[in-house]
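Have the viewer open as you read.

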Amino acid sequence: MTTTSAPPRPVAKGVPPFPTKPPPPLVAAQAASNLSNAELLRRMVRFLSPVKGIAAASCSFILLWAFIDVFFTRLTGNLVSFIREFLEKSHVVVHESFWVAIRHEPFRTVVGMVTILGLLVILNGVVRFCREVVNSKFTMDMVYHMRAAVYDRLQRVGFAFHDEHSSGQLINRALSDLQNVRVFLQMGVTLSIEIIAFVLFYELIIISINKWLAIAAFVPVPFWIWYIARFSKKMQPAQLAQMSAGDDLVTVFTENVAGVHVVKAFATEKTEIQKYNKSADYFFDRVMAAVRLWRNFVPVIRGIASSSHLSLLAIGSVLVVITSALPEEVAGQLKGRVKIGDLLVVGTAMNAILGRLQQINQITEQYQKAITSARRLFEVLDAPSTVPEFAVAPKLPPGKGAVDFHFVSFGYDPEKPVVRDIAFDAKGGSITALVGPTGAGKSTIVQLLARFYDPQRGQVFIDGVDIRTVSLKSIREAIGFVFQETFLFSDTVANNIRYGHPEKTMGDVEAAARIAQAHEFILELPLGYDTMLGERGATLSGGQRQRLAIARAIISNPRILVLDDALAAVDPETEHLISRALEMVMVDRTVFIIAHRLSTVKAADLVIVLERGRITQAGTHQELMKEPGHYRHIAEVQLAYQEKELLAKAGKKAEVAAQKR
Amino acid sequence: MTTFNELMKLRRQQRQAVAAAKTGVPGTRDPNAPEDETGYKPLEWPVVKKLLQWMWPYRKQYAIALLLNITFVLLDMSSIPFMQHLIDHDIPGHRHFLQEPIARTVFCVSPEFAATIRELSGKAQSFFAIGLTISLWVCAVITNLFISRFNIEYNRRVGEQVLFSIRKAVFNHLQKLSMSFYDRTKFGRILSRGTTDIDTLANPIINGVNTVVVNIIIMCIAVIMLLAYDWRVALAILWLGPVLYGMNRFYRKRIGNQYRIVREHFTRVTTNLVENINGMRVVTAYNRQEDNLARFNDLQDWNTVNNVSAAMMNGLYMPLLSAVGYIGKVIIFIYGCYLALQLPAHDFYAFKIGSLIAMLWCWDWFMGPVLNFGTFQTEMMQSMVSAERVFALLDQKPDVTDAYNAFTLPPIRGHVAFQEVYFHYVKGKPVLHDINFQARPGQTIALVGHTGCGKSTIMNLICRFYLPQSGKILVDDYDITQVTSESLHKQMGIVSQNNYLFSGTVLDNIRYASPHATEAQIVAAAKQLGSHEILENLKDGYHTEVGERGAAMSLGQRQLICFTRAFLANPRILMLDEATSAVDTHTEMVIQEALNRLVADRTTFIVAHRLSTVTRADLVLVLDHGKIIERGTHRSLLDLGGKYAELYKQFTREIE
């Protein structure tokens, strides 16, 4: 059978109710990497829309809190002024005891004002409680939506995207990039409101006291903002350098521990110590460089704050002296009269204003981070699904699992095809083996079969139906996949086996495990089928994991079974066990098997030899052994040692026999 | 996503569940959590003492840093009397304190100058006094600016120096520890000792002494000043100190617990995400997208509940703490007013409004340390766990050390002999019984047997990673326990199954064991070995980065790099654990060829997985349950028809 020259077959194999044309590919949105900053910002803000209500609530609580806080400061100032005035005026010496005196003036007023202040404290507490809770709920809701969106996108984006990005990258995007955007949005909403509210309210209070004081309070502000911005620009690279030096140090440490047997065996402990010390010293220098920047910054910033504070006090005191020297009738009507309490208010206000303005910096720093992160995040969210599906796609009709590749060409990068003009027919219930050197395109073919990707040219049929016309779910239900590297989830053994079909009973699980030759070792685990696997669970050997993967693949009795190099990473003993398992499961299904070892390939009904993306040979083992080519070559190499041995053995036997005779 | 009502319901459920099962919080704590990485531990003197011992060599620097800090705080607190003086005496135009006899001597003010001031009119005297106080205050502030320039750097430098000395000591110590330590300790744990645990120590080491001493000083001064302004007011408010402290401790404990729950649970969110991304092919192949999203969102809901619970605690306790602070202020206001009316206002010693303000400030200064102590104590308790772990690691004694009179092993020929060697890792579970064999220089010895039969243990013993409980291992007739480990290891090489590479270039990795080899020498060695062609064709040839732990290299390439590394080191004795993974046929042939050249002319021990390797060996040792059950060449063992022949049959059956 020479598949490469098969005649073009009629496409109209689809049964009438099936759409004959595949759905059009989705048009990729404008690549996130080309978005302008303004566009990114606009799109980030859109994350807020599902949580508008609670965001608004959060903001109003902040405004309320700021108002109460400022009002409290103002009232405290008034109280102080009041006390000072009656102290200055009264030359009466009180001789009554405290509890008696407290009932008369001026104490009544003082107590009254203190009570009002106390009520404000309580009110402030209530508002702060609400603010904390509402703010936390707002944050969590926003992050909930964002995470769910990214999570779902990652699940459905198609493999082309996963191939382009390492899993580490994707995890970073879903965790830290998302976090950066989230923090920025939250800060942008709440912190900016907080800053604006506090600065505005306190400025208003200072203005209401005296215009000269207000002007004096305003003088340091531009210097303050300018210097902080300048510093943060300098500090950022220093911090980055410090972080990367720290990471390097951790890398040296990690590699040393992970490769400890190499270190010990080559007796390189001393060089390792030197390496570590060098790295540590470099890290230390980076830390101190950042500290030095900080040490230069702090005195200046403190200097600005203190000088403004002291100059306000000086001016304020002079104003107090001037205004209090005036006769009471005049002073009472005087605008801009400064009292002692006002000095306190101005001091508190100035501290608050400068403190809040310092926080602007946090927002701009976060903005820088968020913009870079947002770009990466939207790359994920905008990634089009590479395998489009009809909105209402029919299910794959039942069948025996016949697979037909019809001149399929595909490349992960369309410019560089990985497989070309692949054409073959695998009958329902047959075994097809794919062989060939690494990178020849064996895995690609089985992945095309499960529609992890769509070919650029050609069609793939399962039981006569173009797989692009039916629902993805039904195709994947029809195929059981055993991957080269077994991935087990942190869950129980049983749940790992029924991973794709949570509705399966324990009986089904056990039956599948028995067929996969896994039942016995599972029973030996501490909790049998309920043993936890994964990072924190029991550790299984490669062969055991592989058998679980086989059980997982066959539990739903799929019509097609794909074994992608399932035997690559196990030792010969385990290989024997697994091949027994495979013999059991291959019955009554269409099987695709990718293997390096001849023993597995021999049983196939059809062996397809792939080289550089093309089918170079196809046929049964016997047929292929007869024609010269890759297959015979590798078979010879692999058999060479064994055959030599067998011959030697046979010769020896003959010798022995001859001697006996 | 949950609404507020649902959220509260979930929270109630969680609380009930906690009450029901005191052991853990379902949906929040993982019962399988192996090690509570962020636990708390009461302060224990032995651990604190050890910390102090590490700091002791830097005591002088610490003393200077402390001195600077104390001066700084004192000057900072001087704002209180300045403010009090400004309000009480300068603004009303009373005498300036420089006119007081004591201040006059201290500040060298001549009596004439004091007299001049006294003669000024009321307002002018006020202005003058204000100017004088403010300028003295400015002097204090400027001095402080200078100090802060030094103490920020100084403080940090001392702390980091101590921290780095611990870092280096830990690394140094890890190099000394024997393989047995690495085998029984999980990789992640060793890693966290050297990284996160030491990072956690930063706080007590950099700020510890400082926080304690400076806060105590602030508190004392605040109390003294309060008492000095008026002892009755002071006594009326100071009792609030312990109350505040107790509340803060209680709050810190609860919020610390809550944050631990938040963190632990958030790990589950991230684990789920990471697992899903890593297992994306399985997820897709098994149609799990919807189930997975539902599960993920469920975890997210719990995350929301935990975070909002933490916010509720914060929202409750922070205002409560400030309310208690406010009680103190109320007492100052009312009682202060009462006291002020006891003496006429013009009396210099009367309690005035300035003193009242000063007391309010003192109260704030006093509350700071009280709250800081609680917070600091919690932080210290967290660091205690880390400190204890780090010190435990440093106290770990290596199992295998050089004898005190160990001598340097002279260049050897490579003769290895095992004489009646018995060994067990764990008492009662013997791994090797009565192992006897001899490997002549240049021979290849293949170790064959099932997993766990003791093959790698024999290798470990030759490398002296472990010492046998009885029996002797001789290398060229020297007992390996009598020689220094460095001289022994310098003449040995190892190629392990996982073909470990360090990040760096191919070149760096090849010359790992012989750092002085030139590039030309390395290329020559690779050519000789036969790996040159494949290494040269890498992206940047020999300068290709291998990635972290060799991630950028294929299995075959990694194997060849390790072979070349061992070949360049040219050891007399080579330990080789064959990799099992299949590689494509061309690479496989290159590897086979390289292997042949690598083992030629040196004593080689191979844990073999390929038949071809075994057939070429000069001596095959078949191990079963820690005993050598058969020995001989491949041919002779086949003829024997024992265990080896059986293994061989199993192996070849698949080909026939």
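Let's start with one glycine. G414(B) sits in the loop that links α14 to β1 (416-426) of chain B. Keep in mind that this is a predicted model. Is G414(B) buried or exposed? It counts as buried because 21 other C-beta atoms lie within 10 Å, and the cut-off for that label is 20 or more. Setting aside neighbours within four places in sequence, the contacts of G414(B) are P441(B), G442(B), R572(B), I573(B), R602(B) and T603(B). Now look back along the chain to Q396(B): 18 residues separate it from G414(B) in sequence, while the C-alpha to C-alpha distance is 33 Å.

Zooming out, chain B splits into three parts: domain 1 covers 44-230 + 365-393, domain 2 covers 234-350, and domain 3 covers 403-483 + 599-656. The centres of domain 1 and domain 2 of chain B, taken over C-alpha atoms, are 26 Å apart. Where these two domains of chain B meet, 13 residues of domain 1 are in contact with 12 residues of domain 2. On the domain 1 side, the elements giving two or more residues are α9 (187-229) and α14 (353-395) of chain B. Of these, α14(B) supplies the largest share, 8 residues.

What about the two chains together? Here 123 residues of chain A are in contact with 127 residues of chain B. On the chain A side, helix α10 (residues 269-325) gives the most, with 27 residues.

The table sets out the make-up by class of one side of each of these two contacts.

| Side | Nonpolar | Polar | Charged |
|---|---|---|---|
| Domain 1 of chain B, touching domain 2 of chain B | 8 residues | 4 residues | 1 residue |

Last stop: a sheet in chain A. This open sheet has 4 strands in the order β2-β1-β4-β5, with antiparallel pairing. Its edge strands are β2 (419-426) and β5 (465-466) of chain A, each pairing on one side only. Further in, β1 (residues 403-410) and β4 (residues 457-462) of chain A run antiparallel and are joined by 5 bridges. Then find helix α13 (residues 442-449) of chain A, which lies across β1, β2 and β4 of chain A and runs at about 120 degrees to β1(A).

Note on methods: Residues numbered from 1 in each chain as written. Chains lettered and ligands numbered in written order. Predicted model: local features only at pLDDT ≥ 70, side-chain atom pairs only at ≥ 80, totals over all residues. Domains from an automatic or database assignment. Contact = placed C-beta atoms within 7 Å. Nonpolar A, V, L, I, M, F, W, Y, C, P; charged D, E, K, R; others polar. Buried ≥ 20, exposed ≤ 12 C-beta atoms within 10 Å, placed from the backbone. Pairing = 2+ DSSP bridges. Axes fitted to C-alpha atoms, helices over the stretch in contact; angles between N-to-C directions.
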